[in-house]
Amino acid sequence: MRALLVSKWTKVAVFLICLIPFADLVWRIIKSDLGANPVEYLQHATGDWTLRFLVFTLCITPFRKLLKLPDLIRFRRMLGLFAFFYVSLHFLTYLGPDQSFDLAGMWKDVAKRPFITVGFTAFMLLIPLAITSTAGWIRRLGGKRWQMLHRCIYVAAVCGVIHYYWLVKSDVRKPLFYGALVAILLLWRLGGWISRQRTHSPVRAATPRTSMNG
Amino acid sequence: MIVEQYCPLQIGRKEMLIRKSPELTHADVTPKSVYLDRRKFLRAMGIVGVTAAAANGLFDLAMPPQTALAATQFTGLLKSPFSTTEKQNTPNDVTHYNNFYEFGTDKGDPAKNSQNFKTSPWSVSVEGEVTKPRKLTMDEILKLAPLEERIYRHRCVERWSIVVPWIGFSFSVLAKLVEPTPKARYVAFETFFDPRQMPQAKYGGIDFPYVEGLRLDEAMNPLALLCVGMYGESLPPQDGAPVRMIVPWKYGYKSIKSLVKIRFQEKEPPTTWNRYSSSEYGFYSNVNPNVDHPRWSQAKERRLGEIFTRPTLMFNGYGDQVASMYNGMDLKKYH
């Protein structure tokens, strides 16, 4: 298993798999197979894939611990950057067809519409994470600070789910599904944090436990 | 309020000339299975467009029509002065991008899930504050007035719009028939509901049966269409077969589908989306670019088939016909 995870080819394969949704959209654009409302199709598809990749990214740490596969870390950056790739496309479908590339109009919309505000916030939060995703930036910021910064993904994921929830009219099944996944992944981290606090407290100091970072 | 001055005497006044009943009988109706097969057949031969009419004739000769079922071709439709000359959407767009939550909430769901929807036999109960309550069969409805083609803009609250050649006649024809009493101030409408035929409804998040309502003067406005078809044919299930309302100056959800009950009454009736969220969906729901939905702007819309948005028109562009009904009303309060 480990050999498979560290293989260069696995990384290439995962990269290509992550591109499939994008390839599908390009194919549909070429074939004019986006249904009656092509813009909406692109908006929903890129939005869905953003949330999915955020969830995949947030799965890495729990899966590393629970499945005892620390090498999964090799894919976290890639998945996170794919989330950013799809959210950037999502943003472009809004800036272009919805706002006609009118930045002034866009800002007004962002300020006025809570569901746009919260979605835009999520997008903004992901930008510094994408920029500082390189080894060089980890070094420059230092591991602790880098880790603090990258916890922004928690907020971004929650904002993304709220953005979706506020968009739909009455059938909230899909937003709630993503909400449940994000909630589980964040509560798992909260559980780890609480148990770490206890471990480090003076009373429990006598029985140190392995900490759960991430 | 204007509505209070309304009395049955005035109802007939704006009525258009009513000709003798249309020539439609059972014999003109092609069974749905035949109709669907014919479509497949034509599509396979790639001649749907220009030669369709000729092929129809031949096909009907080969397979004589039997009993009345869903799909009918309407001929001899009257043109309407209310029609727009704007480019119509394709039938494919209008039949594969639907909000009909009884059949699922995705835009593609109704087309998939409604194909076995049983729309025959069908009858509509017209009741309440009327002198002559009636239960009308589809055959009777089709004979109430000559059928017109009306090409209307249709604006959904979700900011998309379409242009559709609907078929029907003014709702006022039917109202006149049952003679509303002076007490009647509103009209309540109800959609057919059968959880066995509509198993997707339980995920819709709204209550069923779907109900809607209009003020009596709105219902009597000649623009308000009792609709039985589109694109020269009877309505497909996903578009509200066999009979629905089209109220083109209001958001799409006011144009209730698959009607089974029409009730004239004194009190303002509850309406489905208003009940779900009254701050977001008012009773009036007139298309208004200046009154935003709490969650999004209504200033613009996307015409299906187009990439960029266009400005939304006050009363969806029907102000000349309807604005006077709302004189002096605070359209933000009564949104």
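Author: Start in chain A: helix H5 (residues 103-112) and helix H6 (residues 114-131) have axes that come within 5 Å and cross at roughly 105°. This is a predicted model, so every value here is computed from it.

Reader: What do you call the arrangement of H5(A) and H6(A) to each other?

Author: Angles of 65 to 115 degrees count as roughly perpendicular, so H5(A) and H6(A) are roughly perpendicular to each other.

Reader: Which residues make the contact?

Author: From H5(A), they are A:Asp109, A:Val110 and A:Ala111, and from H6(A), A:Ile116, A:Thr117 and A:Phe120. By class, that contact has four nonpolar, one polar and one charged residues.

Reader: I clicked on A:Ile131. Is it buried or exposed?

Author: A:Ile131 lies in helix H6 of chain A. It counts as exposed because it has 10 C-beta neighbours inside 10 Å, and the cut-off for exposed is 12 or fewer.

Reader: How far is A:Ile131 from A:Leu81?

Author: In sequence, A:Ile131 and A:Leu81 are 50 residues apart; in space, they are 9.5 Å apart, C-alpha to C-alpha.

Reader: Next, helix H4 of chain A. How many residues does it have?

Author: Helix H4 (residues 76-98) of chain A has 23 residues. From its first C-alpha to its last it reaches 32 Å, close to the 33 Å expected at 1.5 Å a residue.

Reader: Which residues of H4(A) are buried?

Author: Among them are A:Leu79, A:Phe82, A:Ala83, A:Tyr86, A:Val87, A:His90, A:Phe91 and A:Tyr94.

Reader: Why would residues three or four places apart point the same way?

Author: An α-helix has 3.6 residues a turn, so residues at that spacing point the same way.

Reader: And what do the buried residues of H4(A) pack against?

Author: They pack against H2, H3, H6 and helix H9 (152-167) of chain A. Just after H4(A), A:Ser100 takes a positive phi of about 50°.

Reader: What about B:Tyr231, buried or exposed?

Author: B:Tyr231 is buried, because 20 other C-beta atoms lie within 10 Å. Its phi is positive too, about 50°, although B:Tyr231 is not a glycine. It is found in the loop between strand E8 (225-230) and strand E9 (233-234) of chain B.

Reader: In what order do the five strands of the open sheet come?

Author: The order is E3-E2-E11-E6-E7 (chain B), and the pairing is mixed. Strand E3 (134-137) and strand E7 (211-215) of chain B are the edge strands, each pairing on one side only. On average, neighbouring strands of this sheet are turned by 15° against each other, direction ignored.

Reader: How do E2(B) and E3(B) pair?

Author: In the antiparallel sense, over four bridges. A hairpin joins E2(B) to E3(B) through five residues, and B:Ser123 stands opposite B:Thr137 in E3(B).

Reader: And which residue stands opposite B:Ala188?

Author: B:Gly213 in E7(B). Strand E6 (residues 186-191) of chain B pairs with E7(B) in the antiparallel sense over five bridges.

Reader: I saw two prolines, B:Pro121 and B:Pro209. Where are they?

Author: B:Pro121 is in the loop between helix H5 (109-113) and strand E2 (123-128) of chain B, while B:Pro209 lies in the loop between E6 and E7 of chain B. A cis peptide bond joins B:Ser120 and B:Pro121, with omega about 0°. The bond from B:Phe208 to B:Pro209 is also cis, with omega near 0°. Most peptide bonds are trans.

Reader: Last one: how many residues of chain A are in contact with chain B?

Author: 15 residues of chain A are in contact with 19 residues of chain B. The side of chain A that touches chain B has six nonpolar, four polar and five charged residues.

Key. Residues are numbered from 1 along each chain as its sequence is written. Chains are lettered from A and ligands numbered from 1 in the order in which they are written. This is a predicted model: local features need pLDDT of at least 70, side-chain atom pairs count only at pLDDT 80 or more; totals for chains, interfaces and linings use all residues. Two residues are in contact if their C-beta atoms, placed from the backbone, lie within 7 Å. Ala, Val, Leu, Ile, Met, Phe, Trp, Tyr, Cys and Pro count as nonpolar, Asp, Glu, Lys and Arg as charged, and the others, Gly among them, as polar. Two strands pair if DSSP finds at least two bridges between them. Axes are lines fitted to C-alpha atoms, for helices over the stretch in contact, and angles run from 0 to 180 degrees between N-to-C directions. Angles under 35 degrees count as roughly parallel, over 145 as roughly antiparallel, 65 to 115 as roughly perpendicular and the rest as oblique. The expected span of a helix is 1.5 Å times one less than its number of residues.
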